[in-house]
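User: I would like to learn how to read the features of a model like this one. Please take me through them in turn.

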Amino acid sequence: MMSNKQTEGGNQMANFTIVTMPSGIMRIHKAGCADIKREEMRSFVDSGWTVEGPDVDAVVTSQLEAFHHQDQQFTENDFSVAPCCRR
Ligand SMILES: [Zn+2]
């Protein structure tokens with residue numbers, strides 16, 4: 001079994017939740033962020049999915065790769081990083 005959970009240089013893995021907004025933009029929050037529920041209630045977005053990664057940039061990269069494998073051509077511009085991820 002391959003494991004990508006081993007980290008080098010002390011990078012800690014974290015969980016991020018990606019919510020698809022009505023505009024089609026995928027907004028990335030830290031998992032458990034209170035804004036996710038707020039955005040769900042305000043705009044009827046679904047609750048999204050959770051991805052593990054060392055940081056939000058790595059999450060965007062891994063999601064783009066996953067979409068590419070599904071022949072879905074998204075770019076970094078299809079993602080929006082919520083402020084909670086930059087703290
Ligand atoms: Zn957030």
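User: What is the order of the strands in the open sheet, and what is the pairing?

Analyst: First, the ground rules. This is a predicted model, in which local features need pLDDT of at least 70, side-chain atom pairs count only at pLDDT 80 or more, and totals for chains, interfaces and linings use all residues. Residues are numbered from 1 along each chain as its sequence is written, and side-chain values use heavy atoms, with hydrogens and water left out. Now the general idea: strands of a sheet pair through backbone hydrogen bonds, either parallel or antiparallel. Here two strands pair if DSSP finds at least two bridges between them. The open sheet has four strands in the order S3-S1-S2-S4, and its pairing is mixed. Strand S3 (49-53) and S4 stand at the edges with a single partner strand each, so one side of each has no neighbour in the sheet. From one strand to the next, the twist averages 30 degrees.

User: Which elements does the protein have, and how do they run from the N terminus?

Analyst: Helices (H or I, at least four residues) and strands (E, at least two) are DSSP runs, numbered from the N terminus. The protein has two helices and four strands. The elements run β-β-α-β-α-β.

User: In what sense do S1 and S2 pair, and over how many bridges?

Analyst: Strand S1 (residues 14-20) and S2 are antiparallel, with five bridges. Thr17 stands opposite His29 in S2. The hairpin of S1 and S2 has five residues between the strands, and Gly24 takes a positive phi near 95 degrees there.

User: How many bridges join S2 to S4?

Analyst: Three bridges join them, and the two strands run parallel. Met26 faces Phe79 in S4 as its opposite residue. Arg27 has Ser80 in S4 as its bridge partner.

User: Where does H1 pack, and what angle does its direction make with that of S2?

Analyst: Two terms come first. Contact means heavy atoms within 4.5 Å. Axes are lines fitted to C-alpha atoms, for helices over the stretch in contact, and angles run from 0 to 180 degrees between N-to-C directions. H1 packs on the sheet and touches S1 and S2, with its direction at about 145 degrees to that of S2. Helix H2 (residues 56-69) lies across S1, S2, S3 and S4, at about 115 degrees to S3.

User: Is Glu40 buried or exposed?

Analyst: Buried means under 20% relative accessible area, exposed over 50%, and partly exposed in between (1.4 Å probe, protein chains only). Glu40 has a relative accessible area of 17%, so it counts as buried. It lies in helix H1 (residues 34-43). Leaving out residues up to four places away in sequence, Glu40 touches Val45, Asp46 and Ser47. Across the protein, buried residues make up 30% of the 87 residues.

User: Is Gly32 buried or exposed?

Analyst: Gly32 is exposed, because its relative accessibility is 72%. Gly32 sits in the loop between S2 and H1.

User: Which residues are the protein donors of the zinc ion?

Analyst: Donors are N, O and S atoms within 2.8 Å of the metal (3.2 Å for Na, K and Ca); water is not among the atoms, so sites may look incomplete. For the zinc ion the protein donors are His29 (ND1), Cys33 (SG) and Cys84 (SG), at 2.0 to 2.3 Å. Their spacing in sequence is H-x3-C-x50-C. His29 in strand S2 (residues 26-30) and Cys84 in the segment after strand S4 (79-81) link distant parts of the chain, 55 residues apart. His29 is buried at 0% relative accessibility, and Cys84 is buried at 9%.

User: How many aromatic pairs does a search of the whole structure find?

Analyst: A pair of aromatic rings is described by the distance of the centres and the angle of the planes. Rings of Phe, Tyr and Trp (its six-membered ring) pair if their centres lie within 6.5 Å; planes under 30 degrees apart count as stacked, over 60 as edge-to-face and the rest as tilted. The search finds one pair. Phe67 and Phe74 form a tilted pair, 4.6 Å centre to centre with 55 degrees between the planes. Phe67 is buried at 12% relative accessible area, whereas Phe74 is partly exposed at 29%.
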